[in-house]
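Look through the structure below with the sequence beside it.

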Amino acid sequence: MESKMLKPIFIAIFLLFATGSFAQQKQNTVSPGELWKDDQGNHINAHGGGMLYHKGTYYWFGEHKGEKSNNAYVGVTCYSSKDLYNWKNESVALAVEDNPESLIYKGCIIERPKVIYNDQTKKFVMYFHSELFRRGYEAAYTGVAVSDKATGPYQFLSAARVNPGYWPLNMSQDHRRLKLKAEDYGKWWTPKWREGVEQGLFVRENFYSGQMSRDMTLFVDDNGKAYQIYSSEENLTLQIAELSNDYTRHTGKYIRVEPGGHNEAPAIFKRNGKYFMITSGCTGWDPNAARLLVADDILGEWKLYPNPCVGAGAELTFKSQGTYIFPVQGKKDAFIFMADRWRPSNPIDGRYIWLPIQFENDFPVIKWMDRWDLSVFN
Ligand code: DGJ
């Protein structure tokens, strides 16, 4: 092509950039399962995420994923938004470390990060499921990091098991004293073994090293007390552990929920004084039916109810697994259920399923919607 002809093409391309015509178009709806582009036109990379609202801005934190692996080669990402539809890429909030001695060495596993803000210390505190480099899911650690700014950079504080040397508040003295070991209960999934799990076999086994913690979320109650909720005891039992006033440690106060119930992906919210928790079953990256747990007090008793999802696709949680539930600011009884449609063959292409929570007889109900906006809450 002659250079005379190329010149107008270059000018046109320059003008397109200069006028922002290539910029991401403003969005005003949520389309569950579709590509969700950030301000740079890239599919949002914040899987297993959580949401923080702080001073007029929503911050979405999640796992950065690549095309081949679910492992953490980058760290925890952050996106910000004022309207919940349009997201600015705030880049990496917590970076994996280059040092092989580090507990968050590049290539380790970092899943389901959540951030809460501490009003007293004015710090942002991040918790995440942390696994060691090339050790699969055996460590079952909780990671903690802090920052002065919502978007980071977060300083890594610790990765460890939870509450070593403490018994759950709701484990009986008899069960604490039992001397039986895992092998005494025989093969997994036999009635005897199940009974062993209910009696706290894994709590006892991990009493000194600390309780296992994998899928997790955080919750700050109206009185400012914060809690971590995590799949423990080989993912068989949920535990809810109180955090210290500065939110960086566990206090030793914790309970077991649904021993042997095999719940993952806990997501919690509070409405009219009641606590509602939506979880999944345990089927790896494959979806399954969600479950609902309800309590009047965060430290129990929790009661199990059937799947809150209804309609077509409900039996597989609309091919997704929950990760977080958050209230929409300025609207009454408006909660959004955030879930992931995992794609282990190409993790970066995992999709986000966000659906509004509706209420029927004061119980949460989730229905599929191809496309929706915040007016559903009006
Ligand atoms: C299901 C969990 O919910 C995910 O966060 C992840 O840990 C996968 N299992 C791994 O198989």
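The model you are looking at is predicted. Strands of a sheet pair through backbone hydrogen bonds, and the pairing is either parallel or antiparallel. Between E9 and E10 there are five residues, and the two strands form a hairpin. In that turn, Gly224 has a positive phi of about 90°.

E10 also pairs with strand E11, residues 237-243; six bridges join these two strands, which run antiparallel. Here Tyr230 stands opposite Gln239 in E11. E10 and E11 form a hairpin as well, with four residues between them, and Glu233 in the turn has a positive phi of about 50°.

Are the residues of E10 buried or exposed? Strand E10, residues 226-232, is mostly covered, with seven of its seven residues buried. In a regular strand the side chains alternate between the two faces of the sheet. In E10, Ala226, Gln228, Tyr230 and Ser232 point one way, while Tyr227, Ile229 and Ser231 point the other way. Residues pointing in either direction from E10 are buried.

Now turn to another part of the chain. Four strands form an open sheet in the order E5-E6-E7-E8, with antiparallel pairing. Its edge strands are E5 (109-118) and E8 (155-160), each of which pairs on one side only. On average, neighbouring strands of this sheet are turned by 20° against each other, direction ignored. E5 pairs with strand E6, residues 123-131, in the antiparallel sense over eight bridges. Within this pairing, Ile110 stands opposite Ser130 in E6.

The last stop is the ligand. Which residues surround the ligand? They are Glu111, Arg112, Tyr137, Asp215, Glu264, Gly284, Trp285 and Gln321. By class, this shell has two nonpolar, two polar and four charged residues.

A polar side-chain atom of Arg112 lies 2.8 Å from an oxygen atom of the ligand. For Asp215, an N or O atom in the side chain is 2.4 Å from a ligand oxygen atom. Gly284 takes part through its backbone, where an N or O atom lies 3.4 Å from a nitrogen atom of the ligand. On its own the ligand has 290 Å² of accessible area, and the protein covers 90% of it.

Key:
Residues numbered from 1 in each chain as written. Predicted model: local features only at pLDDT ≥ 70, side-chain atom pairs only at ≥ 80, totals over all residues. Heavy atoms only, no water. Near = heavy atom within 4 Å. Polar contact = N/O pair within 3.5 Å; in protein donor to acceptor, adjacent residues only side chain to side chain. Areas by Shrake-Rupley, 256 points an atom, 1.4 Å probe, with all protein chains shown as cover. Nonpolar A, V, L, I, M, F, W, Y, C, P; charged D, E, K, R; others polar. Pairing = 2+ DSSP bridges. Axes fitted to C-alpha atoms, helices over the stretch in contact; angles between N-to-C directions. Buried < 20%, exposed > 50% of the residue type's maximum accessible area, 1.4 Å probe, protein only.
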